[in-house]
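Subject: Structure handover

Dear colleague,

Please find the structure below. My notes on the sheet, the aromatic rings and the overall figures follow it.

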Amino acid sequence: ELAPWDGARTAVVRDLQAAVRNHGQVQLVRDAEGRLIAVKRMPTAWVRADAADFERHYPAASERPWADLAFLRLLREREYAYTCRLHGVFRSDTETFVAMSFCSEGDLFDWCHSDSVPSPGPRREERVRPVAAQLL
């Protein structure tokens with residue numbers, strides 16, 4: 001399912017965030033069809049050849065790119081409405097690229113740590129409850 005990365009078909013608009021736990025970065029990219037997409041770039045030496053290879057080399061890693069991709073695919077197969085669209089997984093000689101729909105407000109992790117969400121406690125639970133209900 002890995003396609004070759006053709007950087008000539010995309011143009012980087014800007015960096016979105018560092019992806020420190022997977023040694024990469026996330027960029028906003030305009031693809032050949034003119035769509036804005038988010039692309040996570042990770043060193044292939046870290047991502048490894050496949051999920052089994054990754055598990056052998058990093059059994060205690062907190063970031064698990066192959067598991068994340070499998071989970072995203074499962075949610076999309078079940079037509080779960082609150083996931084981003086995976087456009088593809090690509091490889092160059094040195095990097096692995098995960099292209100997905102651009103979510104202008106970031107991901108759930110970013111939202112939970114934003115200024116709009118109160119510190120842990122009853123107010124935070126009240127604020128997060130509707131989101132948790134949508135997820136379940």
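A residue is called buried under 20% relative accessible area, exposed over 50% and partly exposed in between, with a 1.4 Å probe and protein chains only. Phe 54 is buried on that scale, at a relative accessible area of 1%. Tyr 58, at 26% relative accessibility, counts as partly exposed.

This is a predicted model, in which local features need pLDDT of at least 70 and side-chain atom pairs count only at pLDDT 80 or more, while totals for chains, interfaces and linings use all residues. Numbering starts from 1 along each chain as its sequence is written, and side-chain values use heavy atoms, leaving out hydrogens and water.

Aromatic rings

Rings of Phe, Tyr and Trp (for Trp, its six-membered ring) pair if their centres lie within 6.5 Å; planes under 30 degrees apart are stacked, over 60 edge-to-face, and the rest tilted. Searching the whole structure gives five aromatic pairs. In one of them, Trp 46 and Phe 54, the ring centres are 5.1 Å apart and the planes stand at 85 degrees, so the pair is edge-to-face. Both Trp 46 and Phe 54 are buried. The rings of Phe 54 and Tyr 58 also have centres 5.1 Å apart, but their planes are at 45 degrees, so this pair is tilted. Trp 5, Phe 90 and Phe 97 form one aromatic cluster.

Sheet and helices

Helices (H or I, at least four residues) and strands (E, at least two) are DSSP runs, numbered from the N terminus; two strands pair if DSSP finds at least two bridges between them. The protein has five helices and six strands, in the sequence pattern β-β-β-β-α-α-α-β-β-α-α.

The six strands make an open sheet of mixed pairing, ordered S1-S5-S6-S4-S3-S2. Strands S1 (2-4) and S2 (11-19) are at the edges with a single partner strand each, so one side of each has no neighbour in the sheet. S5 (residues 86-91) and S6 (residues 95-101) run antiparallel and are joined by five bridges. Val 89 stands opposite Val 98 in S6.

Helix H3 (residues 65-77) lies across S1, S4 (36-43), S5 and S6, at about 150 degrees to S5. Axes here are lines fitted to C-alpha atoms, for helices over the stretch in contact (heavy atoms within 4.5 Å), and angles run from 0 to 180 degrees between N-to-C directions.

Overall figures

Of the 136 residues, 28% count as buried. The C-alpha trace spans about 50 × 40 × 30 Å along its principal axes.

Regards
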